[in-house]
Number of protein chains: 2
Amino acid sequence: MEPRISLITLGVDDLERSRRFYAEGLGFPAHYTAGEGILFFRTRGTRLALYPREQLAKDISPRLLGKGSGFPGITLAHNTREKAEVDAILARAEAAGGTLIKPAAETFWGGYSGYFADPDGHLWEVAWAAFWRFDEQGALVLD
Amino acid sequence: MEPRISLITLGVDDLERSRRFYAEGLGFPAHYTAGEGILFFRTRGTRLALYPREQLAKDISPRLLGKGSGFPGITLAHNTREKAEVDAILARAEAAGGTLIKPAAETFWGGYSGYFADPDGHLWEVAWAAFWRFDEQGALVLD
């Protein structure tokens with residue numbers, strides 16, 4: 001496992017309001033495809049993503065939906081170069097004392113991903129997709 | 001403001017348990033100084049830090065202490081090269097619709113820092129310290 005956080009995803013209530021805050025307010029370079037329902041920023045190294053909070057919860061587990069579920073609304077992601085790494089890393093995290101939250105499976109966006117929680121419940125997605133590329137530092141290419 | 005997340009800090013209940021999980025379990029290279037009470041990892045690009053959850057809450061605002069405070073236990077940080085950038089970025093975030101959570105002030109660890117919340121309440125620290133150095137990609141040097 002490369003020591004890298006590929007992506008931080010913030011669950012948001014209003015994607016357009018948050019886009020304005022980060023893109024226009026703070027000046028972060030946005031990478032946006034209309035209608036995709038997710039917004040990426042070309043932050044250096046670890047990328048930042050905004051995604052509707054309820055959708056983010058649903059993608060992980062129905063148990064995280066609704067107020068009072070304890071869902072912190074923020075996830076870290078480790079994106080792999082090979083598909084087989086996803087299961088290997090989830091197994092490694094479980095062996096190390098983490099909790100498997102969602103076993104790896106094909107996703108609606110064409111990737112393969114699963115989630116573990118660290119000993120304090122912080123959520124990590126481990127994900128692979130054939131169409132992802134990495135720059136020379138290992139950061140996700142967004143173009 | 002450079003488009004960069006310098007640091008992700010995870011609030012943890014047991015620093016040693018979490019150190020074992022990330023350093024031994026996942027194999028992340030740790031940067032640890034005994035007795036400092038905070039643990040950094042040399043993740044590429046954005047660095048990862050572990051810090052006791054209650055201490056993290058206290059450093060931001062006493063309102064975040066205790067269960068039920070809504071504190072998500074995770075913060076993002078943007079570290080600046082110049083001290084004056086801290087106030088400028090906090091002002092910019094507020095003007096963009098963010099909320100000033102903690103005005104910039106000298107910290108107990110020798111830096112200068114403040115916090116804002118984005119429109120969904122996600123917490124960002126904006127921080128400067130004279131002793132920090134940055135690599136050619138702008139990532140914090142940990143040595």
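# Salt bridges and the A/B interface

At 51% relative accessibility, A:Glu24 counts as exposed; the classes are buried (under 20% relative accessible area), partly exposed (in between) and exposed (over 50%), with a 1.4 Å probe and protein chains only. This is a predicted model, in which local features need pLDDT of at least 70 and side-chain atom pairs count only at pLDDT 80 or more, while totals for chains, interfaces and linings use all residues. Residues are numbered from 1 along each chain as its sequence is written, chains are lettered from A and ligands numbered from 1 in the order in which they are written, and side-chain values use heavy atoms, with hydrogens and water left out.

Chain A has an average pLDDT (the predictor's confidence in each residue, from 0 to 100) of 90, and 99% of the residues score at least 70. The model has an ipTM of 0.90 and a pTM of 0.91.

## Salt bridges

Over all chains there are 14 salt bridges, each a side-chain nitrogen of Lys or Arg within 4 Å of a carboxyl oxygen of Asp or Glu. Some of them are tabulated here.

| Pair | Distance, N to O |
|---|---|
| A:Glu16 and A:Arg20 | 3.5 Å |
| A:Glu24 and A:Arg19 | 3.0 Å |
| A:Arg44 and B:Glu2 | 2.6 Å |
| B:Glu106 and B:Lys83 | 2.9 Å |

The last pair links distant parts of chain B: B:Glu106 is in strand S6 (residues 99-106), B:Lys83 is in the loop between strand S5 (74-79) and helix H3 (84-95), and the two are 23 residues apart. Helices (H or I, at least four residues) and strands (E, at least two) are DSSP runs numbered from the N terminus. B:Glu106 is exposed at 54% relative accessibility, and B:Lys83 is partly exposed at 32%. In chain A, shared partners join A:Glu16, A:Arg19, A:Arg20 and A:Glu24 into one salt-bridge network.

## Helix H1 of chain A

A:Glu16 and A:Arg20 are separated by about one helical turn because they are four residues apart in helix H1 of chain A. A:Glu16 is partly exposed at 36%, as is A:Arg20 at 40% relative accessibility. The buried residues of H1(A) include A:Arg19 and A:Phe21. At the N-terminal end, A:Asp14 caps H1(A), with a side-chain oxygen 3.1 Å from the backbone nitrogen of A:Glu16.

## The interface

Between chain A and chain B, 42 residues of chain A contact 42 residues of chain B, with contact meaning heavy atoms within 4.5 Å. The two chains bury about 3700 Å², 63% of it on carbon and sulfur atoms. A:Pro3, A:Phe21 and A:Arg44 lose the most area on the chain A side, together 20% of what that side buries. Buried area is the accessible area (1.4 Å probe) that two parts lose on being put together, summed over both.

Four salt bridges cross this interface. A:His122, in the loop between strand S7 (112-117) and strand S8 (123-128) of chain A, is buried at 6% relative accessibility. Its side chain lies 2.8 Å from the backbone oxygen of B:Gly11. Among the other residues that A:His122 touches are B:Leu10, B:Pro72 and A:Phe116.

Technical notes
Polar contact = N/O pair within 3.5 Å; in protein donor to acceptor, adjacent residues only side chain to side chain. Lists of a residue's contacts leave out its neighbours within four places in sequence.
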